[in-house]
Amino acid sequence: MAFITHSLKSAALKAIAHFLLMACVCLLWAPRSSAAAPTEITQLRTERAEDGVYLSAIVRFDLPAVVEDALLKGIALFFVVEADIYRDRWYWTDPRVTSAARTLRLAYQPLTGRWRVNIVSGLITSSSGLRATLNQNYETLPEALSAIQRLTRWKIAEASEVEPDAAYTLDLNFRLDLSQLPRPFQIGMSGQRDWTISAQLKDRLRLTPAASSSTGGGK
């Protein structure tokens, strides 16, 4: 009887050891999902024209699968880009001399299978603020995202607000505005990295002469 009990215990221990070994092998060989690349602002260029200061840049980010799925289900996304210019002052806090903001709305249109991008000057609190906007339709999501990610000659200041011989700092921010999402999506979203699309760039304002007298975009 003791021999049988000992044999059963040994068999059970071997089975457990085999299970643990196989579990470790599975963990080692299981495909690991790579983390999404961080959002970054690149190719920044600021130039001075006769009528103001213009900014161009590219915001690089990957759209997570869960965010793309929300778009396909009819949930519009709102991206916000803000540019603040501060005048350097050694003896006190740098004062903000001007600021500009832009809201970009990305939405999928199921009836046509196309993507729409709305660009509006300033910040908005709802879709009702999209009346006076620049609207553009795209055949594919990559094309629509390219319009969101590329800032081309965006006017961020009037010429009189930035003196040529003074030193300034530019604070540029880009983010996905989660407050514009429907309430059910906002619940429990805090801390979910898939929905965190944001980048900040803070550097000295370096102005180059405008290549031509033509202007584009809006403040």
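This is a predicted model: local features need pLDDT of at least 70, side-chain atom pairs count only at pLDDT 80 or more; totals for chains, interfaces and linings use all residues.
1. Gln-149 is found in helix H3, which covers residues 141-149. Is Gln-149 buried or exposed? Its relative accessibility is 17%, and because the limit for buried is under 20%, Gln-149 counts as buried. Leaving aside neighbours within four places in sequence, its contacts are Ala-57, Ile-58, Val-59 and Phe-61.

2. Now for the whole chain. The secondary structure of the protein chain comes to four helices and 10 strands. Read from the N terminus on, the elements run α-β-β-α-β-β-β-β-α-β-β-α-β-β. The protein chain has 219 residues, and buried residues make up 35% of them. If you take the contacts between residues at least 6 apart in sequence, 66% join residues at least 24 apart. The chain exposes about 13800 Å², with carbon and sulfur atoms supplying 56% of that area.

3. Next, the sheet of six strands. This sheet is open, its pairing is antiparallel, and the order is E6-E5-E4-E3-E8-E9. Which strands are at the edges? They are strand E6 (134-138) and strand E9 (198-204), each of which pairs on one side only. Direction ignored, neighbouring strands of this sheet are turned by 15° against each other on average.

4. With E4, strand E3 pairs in the antiparallel sense over 10 bridges; here Ala-83 has Ala-100 in E4 as its bridge partner. Strand E3 (residues 77-87) is also joined to strand E8 (residues 168-176) by nine bridges, and these two strands run antiparallel. You can follow this pairing at Ile-85, whose bridge partner in E8 is Leu-170, and at Tyr-86, which stands opposite Thr-169 in E8.

5. Helix H2 (residues 65-72) lies across E3, strand E4 (96-109) and strand E5 (114-121), and runs at about 65° to E4. H3 packs on the sheet too, where it touches E3, E4, E5, E6 and E8, and its direction makes about 170° with that of E4.

6. Which residues of H2 are buried? They are Val-67, Ala-70 and Leu-71. These residues cover an arc of only 100° around the axis, which puts them on the same side of H2. After H2 comes Gly-74, with a positive phi near 100°.

7. There is also a sheet of four strands. This open sheet has the order E7-E2-E1-E10, and its pairing is mixed. Strand E7 (150-158) and strand E10 (207-209) are the edge strands, each pairing on one side only. On average, neighbouring strands of this sheet are turned by 35° against each other, direction ignored. Strand E1 (residues 40-49) pairs with E10 in the parallel sense over three bridges, and within E10, Thr-208 is the bridge partner of Glu-47.

8. Helix H3 comes back at this point. H3 lies across strand E2 (52-60) and E7, running at about 25° to E7. H3 also packs on the six-stranded sheet, and this helix holds Gln-149, whose contacts include Ala-57, Ile-58 and Val-59.

9. Gln-43 is not a glycine, yet its phi is positive, at about 50°. Gln-43 is found in strand E1 and counts as exposed, at 54% relative accessibility. Arg-153 is not a glycine either, and its phi is positive at about 45°. Arg-153 is found in strand E7 and is buried, with a relative accessible area of 16%.

Technical notes:
Residues are numbered from 1 along each chain as its sequence is written. Side-chain values use heavy atoms; hydrogens and water are left out. Buried means under 20% relative accessible area, exposed over 50%, partly exposed in between (1.4 Å probe, protein chains only). Contact means heavy atoms within 4.5 Å. Accessible areas come from the Shrake-Rupley method with a 1.4 Å probe; for residues, only the protein chains shown count as cover. Two strands pair if DSSP finds at least two bridges between them. Axes are lines fitted to C-alpha atoms, for helices over the stretch in contact, and angles run from 0 to 180 degrees between N-to-C directions. The arc is that of the directions from the helix axis to the C-beta atoms.
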